[in-house]
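Subject: Structure for you to look at

Hello,

Here is the structure I said I would pass on. Please open it beside this message; my notes follow below.

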Amino acid sequence: MSNKAAQLKAFERLLVIMDELREQCPWDKKQTMESLRHLTIEEVYELGDAILDNDLDEVKKELGDVLLHIVFYSKIGSETNNFDIADVCNSICDKLIDRHPHIYGDVKVENEEDVKRNWEQLKLKEGKKSVLEGVPRSLPAMVKSNRIQDKVAGVGFDWEQPEQVFEKVEEELAELKVEIAKGNQDAIESEFGDVLFSMINYARFLKVNPENALERTNKKFIKRFQYLESKSKELNKSLKDMTLSEMDVFWEEAKSL
């Protein structure tokens with residue numbers, strides 16, 4: 001691992017390259033914050049994939065891509081005299097110091113939950129009208145739901161025991177079943193959303209990240225289904241021509257691999 005001096009030198013190298021690209025590369029010269037936005041989102045998702053795959057070499061590469069975007073935005077900000085990379089770094093440093101009075105002040109905490117509660121209270125003291133202001137509107141629904149629940153729990157709006165949350169899941173499932181019997185599509189969608197919301201909340205009590213859990217299942221399903229596809233090709237048969245029982249044989253094989 002590099003020492004601090006080497007790390008700073010590497011960061012300086014990136015800043016110099018960014019300056020050169022912004023001055024000399026036709027593509028880099030024309031980029032704006034708006035044009036980079038969707039690319040940044042894509043890079044973060046690619047980083048997320050690498051983390052879930054536990055591919056640390058790929059994590060390193062994707063972190064570099066994300067870091068490049070941070071430097072890119074900062075370079076654009078400096079060109080309009082709004083901010084530069086030093087402002088960005090100092091801003092987050094100041095926030096971290098202010099939000100950790102148990103490290104940089106005289107506040108005492110007993111555990112992680114105390115830290116999270118203090119964090120949300122400090123944000124309100126900074127002028128935020130709601131603890132939910134920090135939840136980005138454009139987050140995917142499942143991630144947003146998880147963040148909403150995490151934030152309100154940070155100020156004490158929470159269940160006491162996991163069993164209570166599971167009872168809520170069962171209650172929401174019963175309400176969904178009633179609406180399905182009635183055939184009211186709008187009500188079915190509403191109750192289905194309530195079921196998902198309560199399941200995401202239950203995941204938090206189980207210390208399970210619902211996004212990661214679902215993505216693991218997605219990857220597992222893809223792997224098994226692609227195994228099924230490969231076996232059907234070996235038999236020179238289309239999946240459409242196979243019975244469910246035939247497909248199930250290969251599905252079980254895939255599960256055992």
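**Ser 145 and its surroundings**

Leaving aside residues up to four places away in sequence, Ser 145 touches Phe 197 and Ile 200. Ser 145 itself sits in helix 8. It has a relative accessible area of 8% and counts as buried, because the cut-off for that class is under 20%.

**Confidence**

Please keep in mind that this is a predicted model. The average pLDDT of the protein is 92, and 100% of the residues score at least 70.

**The largest pocket**

The largest pocket has a volume of about 620 Å³. It is lined by 19 residues, and those closest to its centre are Val 44, Tyr 45, Pro 140, Val 143 and Glu 211. Three helices each supply at least two residues of this lining: helix 3 (33-52), helix 8 (141-153) and helix 11 (210-234). Helix 3 gives the most, with 9 residues. Sorted by class, the lining of the largest pocket has 10 nonpolar, 5 polar and 4 charged residues.

**The second largest pocket**

For the second largest pocket the volume is about 460 Å³. Of the 20 residues in its lining, Glu 113, Lys 116, Asp 150, Arg 204 and Lys 207 are the closest to the centre. Two or more lining residues come from each of helix 7 (112-125), helix 8 and helix 10 (185-205). The class counts for this lining are 6 nonpolar, 4 polar and 10 charged residues.

Most residues other than glycine have a negative phi. Which residue in the loop between helix 3 and helix 4 is worth a look here? It is Asn 54, which has a positive phi of about 55 degrees although it is not a glycine. Asn 54 has a relative accessibility of 58%, so it counts as exposed, the cut-off being over 50%.

Asn 81 is in the loop between helix 4 and helix 5 (85-99). Its phi is also positive, near 60 degrees. Is Asn 81 buried or exposed? With a relative accessible area of 72%, Asn 81 is exposed.

Regards

Key
Residues are numbered from 1 along each chain as its sequence is written. This is a predicted model: local features need pLDDT of at least 70, side-chain atom pairs count only at pLDDT 80 or more; totals for chains, interfaces and linings use all residues. Side-chain values use heavy atoms; hydrogens and water are left out. On a 1 Å grid over the protein atoms alone, a cavity is a set of points where a 1.4 Å probe fits but cannot get out, and a pocket is an open set with protein on both sides within 12 Å along at least five of seven lines; lining residues have an atom within 4 Å of a point. Grid points are joined across faces, edges and corners, and a volume is the space filled by probe spheres set on the points. Helices (H or I, at least four residues) and strands (E, at least two) are DSSP runs, numbered from the N terminus. Ala, Val, Leu, Ile, Met, Phe, Trp, Tyr, Cys and Pro count as nonpolar, Asp, Glu, Lys and Arg as charged, and the others, Gly among them, as polar. pLDDT is the predictor's confidence in each residue, from 0 to 100. Buried means under 20% relative accessible area, exposed over 50%, partly exposed in between (1.4 Å probe, protein chains only). Contact means heavy atoms within 4.5 Å.
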